[in-house]
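Hello,

Here is the structure we spoke about handing over. Please have a look at it, then read the notes below.

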Amino acid sequence: AYRAPRIELFAGIFPRSEMRGLASPLFFDRDYLYYHNRIGGVMARYKGAEHPNSYVEFAFDYTGMRDFDVRESFMIMSSGRHNYSLLYYGYDLLVGHYGKDYNEESADGVVDNVMVVPHIGVDIEAGEFDIDLRLSYVQSLQRDRHNENKWQTPLGGELYASISRWGVTLSNRLYYGGNLLPYYDRYAKGFYHGSPFYSTTERWYNTISAAYRQSFFNRTVHVDAGITMEYDGTGWGTRQWLQVCVDLDYGISLKRKQQYIE
C-alpha cells in the first residue's frame with residue numbers, strides 16, 4: 001500500500017473496505033462482503049483537494065483463476081464522487097466477467113455483466129443528525145455468450161434515504177424497474193454478488209433497515225449489528241446480523257542495519 005495526501009495505491013491482497021464506492025447492495029450483498037472481504041488485485045484512488053469526500057477510484061479484482069476446464073473470472077470496478085456544498089454527485093461502475101466450463105454441451109458458459117449507476121444526492125447535517133438523500137439511475141448490460149449471445153438491458157431507478165446519530169442509522173432503499181438479475185436462475189450467486197431481491201418480477205423492491213455501527217478501544221474493535229425488512233412485490237422477509245471485528249496491528253517495522261567501522 002502507498003498512501004499520500006491525494007493518491008492512494010494498493011496491490012496484492014487487501015481489505016475490500018478500502019473501497020469507498022459500490023456501497024449499494026445492488027453490487028455486493030452483506031453475506032458476500034462477509035465471506036469475500038478481500039480484493040486480490042490492484043486499486044488506485046485520487047482524492048480531491050477542495051473536499052476530502054471528493055474522489056475517483058479504480059479497482060481490479062481477480063476472483064477466479066483459469067484452469068483446464070474452468071475459465072477465469074474477474075471484476076473491474078470504479079466509482080467517483082464530487083461534493084458541491086450540500087449537493088454531491090457521482091457514479092458507480094461494475095464490469096463483471098464470469099466463466100465456468102469449456103463443455104459445449106453444458107448449460108453454463110461465459111457471462112458478462114456491466115452495471116452503470118450515476119447518482120445525485122444531498123448530505124445534510126441537521127444539528128447532531130446526518131441526513132443522506134440519494135437518487136440513482138441503474139443501467140445494466142448483460143450477456144450469456146453460450147446460451148443467448150445477445151445483450152439484455154434491464155434498467156431502473158433507486159431512491160435511498162437515511163438518518164444517523166450515535167452510530168445508529170435508519171434507512172430506506174426503494175428500487176423500481178426491471179429484473180436486474182435475468183440469469184439468476186442459471187448462475188445464482190456464482191455470478192451475481194448483490195442482493196437477489198433485485199431480481200423482482202413485480203418491478204419494485206423496498207428494504208427498511210435499522211443498523212448500529214461503532215468502534216471501541218482506539219478503533220481496534222468494531223461492532224456492526226442491525227435488522228432489515230424487505231419486500232419484493234410478492235412477500236416480506238427479514239434478516240438480522242451481528243458482527244464483531246478486531247484489528248490486529250503489531251506495529252512491526254523493519255529497520256535498516258547500520259554498520260560502523262572503527
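Asn206 counts as buried, because its relative accessibility is 11% and the cut-off for buried is under 20%. Keep in mind that this is a predicted model. Asn206 sits in strand E12, which covers residues 204–216. Its side chain makes a polar contact of 3.0 Å with the side chain of Asn172. Leaving aside residues up to four places away in sequence, Asn206 touches Asn172, Arg173, Leu174, Met229, Glu230 and Tyr231.

**Two positive phi values**

Two loop residues next. Most residues other than glycine have a negative phi. Arg203 has a phi near 75°, a positive value, and is not a glycine. Arg203 belongs to the loop between helix H2 (184–187) and E12. Is Arg203 buried, partly exposed or exposed? Arg203 counts as partly exposed, because its relative accessibility is 42% and that class lies between the cut-offs of 20% and 50%.

Asn218 also needs a look. Its phi is positive, about 60°, although Asn218 is not a glycine. The loop that holds Asn218 runs between E12 and strand E13 (221–231). Asn218 is exposed, because its relative accessible area is 74% and exposed means over 50%.

**Strand pairing**

Strand E3 (residues 38–47) pairs with strand E4 (residues 55–64). The sense is antiparallel, and there are seven bridges. Lys47 has Tyr55 in E4 as its bridge partner. E4 is also joined to strand E5 (residues 73–84), by nine bridges. E4 and E5 run antiparallel. Which residue in E5 stands opposite Tyr55? That residue is Arg81.

**The second largest pocket**

Rolling a probe the size of a water molecule over the atoms shows where empty space is left. The second largest pocket holds about 230 Å³ of space. Its lining is made up of 19 residues. Closest to the centre are Met75, Asn113, Phe191, Tyr192 and His193. E6 provides the largest share, four residues.

What classes of residue line this pocket? There are 11 nonpolar and eight polar residues, and no charged ones.

Best wishes

Note on methods
Residues numbered from 1 in each chain as written. Predicted model: local features only at pLDDT ≥ 70, side-chain atom pairs only at ≥ 80, totals over all residues. Heavy atoms only, no water. Pairing = 2+ DSSP bridges. 1 Å grid on protein atoms, 1.4 Å probe; cavity = no way out; pocket = protein on both sides within 12 Å on 5 of 7 lines; lining within 4 Å. Points joined across faces, edges and corners; volume = space filled by probe spheres on them. Nonpolar A, V, L, I, M, F, W, Y, C, P; charged D, E, K, R; others polar. Buried < 20%, exposed > 50% of the residue type's maximum accessible area, 1.4 Å probe, protein only. Polar contact = N/O pair within 3.5 Å; in protein donor to acceptor, adjacent residues only side chain to side chain. Contact = heavy atoms within 4.5 Å.
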